[in-house]
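Hi everyone, thanks for making time today. Let me put the structure up on the screen, and then I'll walk you through it.

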Amino acid sequence: MENGTSNLIDLREALDRLDDDMGLYMILVDAFLQDTVFKDERLRELEVAFRRSNSKESLEAAQYIHRLKGAARQLGANPLAAEAQKLEDIFRNKGTVNLQDTETLVEVILDLHKKTVEELRKLSQ
């Protein structure tokens, strides 16, 4: 990561939020990498339930993606956080949405999540 920044992670921005505490950052990275709560299939299930207009699942979907967005933002994983924000807004019924786009957005997020995890693993070695 040249100058603390890659296409997926802005380390400098993350460290600025953490008062340059690299030890704390690495704790957050480890927590993100060890996260057993976030599952690709669960996000897909929640997105399908959202398209079926089940309000209970819409709230759960919004909360689920909100946690991922917050963790990504804290780590400086801005592309992942930005796409997660878009999906969270859809799940919270903010603005108009083409429901066909939600499935595509979920796949974009899952791909970014996978790539971000790979980048964070490299950083933590």
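This is a predicted model: local features need pLDDT of at least 70, side-chain atom pairs count only at pLDDT 80 or more; totals for chains, interfaces and linings use all residues.

Residues are numbered from 1 along each chain as its sequence is written, and side-chain values use heavy atoms, with hydrogens and water left out.

Let's begin with the core. A nonpolar core is a set of buried Ala, Val, Leu, Ile, Met, Phe, Trp, Tyr and Cys residues joined through side-chain atoms within 4.5 Å. Buried means under 20% relative accessible area, exposed over 50%, and partly exposed in between, with a 1.4 Å probe and protein chains only. Which residues touch the most other members of the largest core? Among its 36 residues, they are Tyr-25 and Leu-43. Helix 6 (99-124) is one of the helices that each supply at least two core residues, and helix 6 gives the most, with 7. Helices here are DSSP runs of H or I, at least four residues long, numbered from the N terminus.

Next, the aromatic pairs: searching the whole structure gives 2 of them. Rings of Phe, Tyr and Trp (its six-membered ring) pair if their centres lie within 6.5 Å; planes under 30 degrees apart count as stacked, over 60 as edge-to-face and the rest as tilted. Why is the pair of Phe-38 and Tyr-64 stacked? Their ring centres are 5.5 Å apart and their planes sit at 25°, so the pair is stacked. This pair links distant parts of the chain, 26 residues apart: Phe-38 is in the loop between helix 2 (22-34) and helix 3 (40-51), while Tyr-64 is in helix 4 (residues 55-74). Phe-38 is buried at 10% relative accessible area, and Tyr-64 is buried at 6%.

Both rings turn up again in our next stop. Phe-38 and Tyr-64 are among the residues that line the largest pocket. Helix 4 provides the largest share of that lining, 5 residues.

Last, look at two loops. Asp-19 lies between helix 1 and helix 2, and its phi is near 55°, a positive value in a residue other than glycine. Asp-19 is exposed, at 71% relative accessibility. Asn-93, in the loop between helix 5 and helix 6, has a positive phi near 60° and is exposed at 57%.

Technical notes. On a 1 Å grid over the protein atoms alone, a cavity is a set of points where a 1.4 Å probe fits but cannot get out, and a pocket is an open set with protein on both sides within 12 Å along at least five of seven lines; lining residues have an atom within 4 Å of a point.
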